[in-house]
Amino acid sequence: MRQLIISIATLFCASTAMAQDATVTIHATKGTQKIHKEIYGQFAEHLGTCIYGGLWVGPESNIPNTQGYRNDVLQALKDLQVPVLRWPGGCFADEYHWTDGIGPRDKRPKMQNNNWGGTIEDNSFGTHEFLNLCELIGCEPYISGNVGSGTVEELAKWVEYMTSDGDTPMAKLRRQNGRDKAWKVKYLGVGNESWGCGGNMRPEYYGDLFRRYSVYCRNYDGNNLYKIASGASDYDYNWTKVLMENVGNRMNGVSLHYYTCSGWSGSKGSATNFNNDEYYWTLGKCLEIEDVIKKHCAIMDEKDPRKKIGLLVDEWGTWWDEEPGTISGHLYQQNAMRDAMVAALSLNVFHKYTDRVVMANIAQIVNVLQSMILTDTKDGGHMVLTPTYHVFNMYKPFQEATYLPLDLFCKDMKVRQEMRKDFDEINEKTYRTLPLVSASAAKTKDGAIVISLTNVSLDKAQEIEVNLEGTQAKTVSGQILTCKDIKEYNDFEHPNRIQPTAFKDAKINKGKLTVKVPAKSIVVINVK
């Protein structure tokens, strides 16, 4: 496999003589599709300190908690209005046996987490703890079932345990363990990354397994399962093609995983120590997700032109080298302003394909990869909100709003990549085009228009003229997320180094909105 390395050159490709650096025309009367709130979904795996020390400390902890859940994290997630949370993996899901995580916590068997650092898992956070957490923060649970090392019977009984309110064996067992009423569980993943850590399967074989497993995952007492097939990684279009041909409408949705890293010097790159070329290259790689989504959607359209089957990008985000001094295999990384840029650009892409993309789950919610929150357990516990958290918080008005198509004209830059098989021979050079402005717009239920504008340039503000077709805009307000240095981040000593502030540099004149977006900034404005 060819390895992505190293040389990047940036070239401006548009004239600097324009009165505005960019123009956006929003077609406010042409919106037809709602932006599914589930696009703002989260992902929590038994990996590192995502669960233990992140979400869960146990009821006996000296860290302030509610029923064992950290109060600070609980409140932050409530504020974020998380719509859906995926659990228990990831790779962990296909080694997880749910019966190990029920009953008295002190009697639950331990296991070794073979995927993530060989850590001993004590199973104190199991089915009850997860589903009760979802109730506390008001989100839909998304269960990833074990296909790789599990059995059809095991998954079928788990569904019964969670969702049956009848006089059934698993419902009785649930009641013995303290939960009388069944939970509502809408989303069920039938395996995870079955092409890799979930069993190293061929798509034809996995497709047959999905057909078999899904038969026995039944709907109990008004709970209707939305069954999700383990889909492709990045550019594996054949996997999607085979599933569409061999499974088709037996699945409600199919997943897609896409991660962004720099590929610099043969590694994933540092979260905080990078140069300008690496920054621009990363954003180019991030935006390539649009081409990937379009190609998977085109394959799905051939067999499903009415778009009954959803595409779920249920793992996405940045993946950097682990922070020096942290535990190997725990995937703890810092979260700089660059990560916030990746979040904003990715969400803007997802909005465009909401006719097919029904969910996205950033990886992961606490202390792992591109997380919302970082925590520790020292001296009563500390918590910090990452720049990515602030993007998700600023973007909340997009949830369930009507997507508005727009035309964007802006300057761009070319980012050069060099591809090579080894460290001695450069094979080819290709270029990515990186627009300097990213934009998205939607109409909220109260008739307001919410607009996101991201300026990826590191050194130049962008003067943007926004034409609001078919509206009588009168007032504008907004927030901005920016920084002095793109490598800046929040930590326990400086938790508020990067945080949203009021945005004042937007003006309306005769139906046109003029916005001056500073360099390396994300702006979300509300127009009424």
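**Helices, sheet and disulfide**

Modeller: This model is predicted. Helix H9 (residues 337-352) lies across S18, strand S22 (437-443), S23, strand S25 (476-481) and S29, and runs at about 135° to S23. Helix H10 (residues 387-394) also packs on the sheet, where it touches S25 and S29, and its direction makes about 165° with that of S25.

Biologist: In what order do the six strands of the open sheet follow one another?

Modeller: Strands of a sheet pair through backbone hydrogen bonds, either parallel or antiparallel. Here the order is S18-S22-S23-S29-S25-S26, and the pairing is antiparallel. Strand S18 (402-403) and strand S26 (501-502) are the edge strands, each pairing on one side only.

Biologist: How many bridges join strand S23 to strand S29?

Modeller: Seven bridges connect S23 (residues 449-455) with S29 (residues 521-527). Within this pairing, Asn 455 has Ser 521 in S29 as its bridge partner.

Biologist: Which cysteines form a disulfide?

Modeller: A disulfide is a covalent bond between the sulfur atoms of two cysteines. The structure holds one disulfide, formed by Cys 91 and Cys 197 with their sulfur atoms 2.1 Å apart. Cys 91 lies in the loop between strands S7 and S8, and Cys 197 in the loop between strand S11 and helix H5, so the pair ties together parts 106 residues apart in sequence.

Biologist: Why is this disulfide left-handed?

Modeller: The disulfide is left-handed because the torsion about the S-S bond of Cys 91 and Cys 197 is about -90°.

Biologist: Is Cys 91 buried or exposed?

Modeller: Cys 91 is buried, because its relative accessible area of 11% is under 20%. Cys 197, at 32%, counts as partly exposed.

Terms used:
Residues are numbered from 1 along each chain as its sequence is written. This is a predicted model: local features need pLDDT of at least 70, side-chain atom pairs count only at pLDDT 80 or more; totals for chains, interfaces and linings use all residues. Side-chain values use heavy atoms; hydrogens and water are left out. Two strands pair if DSSP finds at least two bridges between them. Helices (H or I, at least four residues) and strands (E, at least two) are DSSP runs, numbered from the N terminus. Contact means heavy atoms within 4.5 Å. Axes are lines fitted to C-alpha atoms, for helices over the stretch in contact, and angles run from 0 to 180 degrees between N-to-C directions. A disulfide is a pair of cysteine sulfur atoms within 2.5 Å. Buried means under 20% relative accessible area, exposed over 50%, partly exposed in between (1.4 Å probe, protein chains only).
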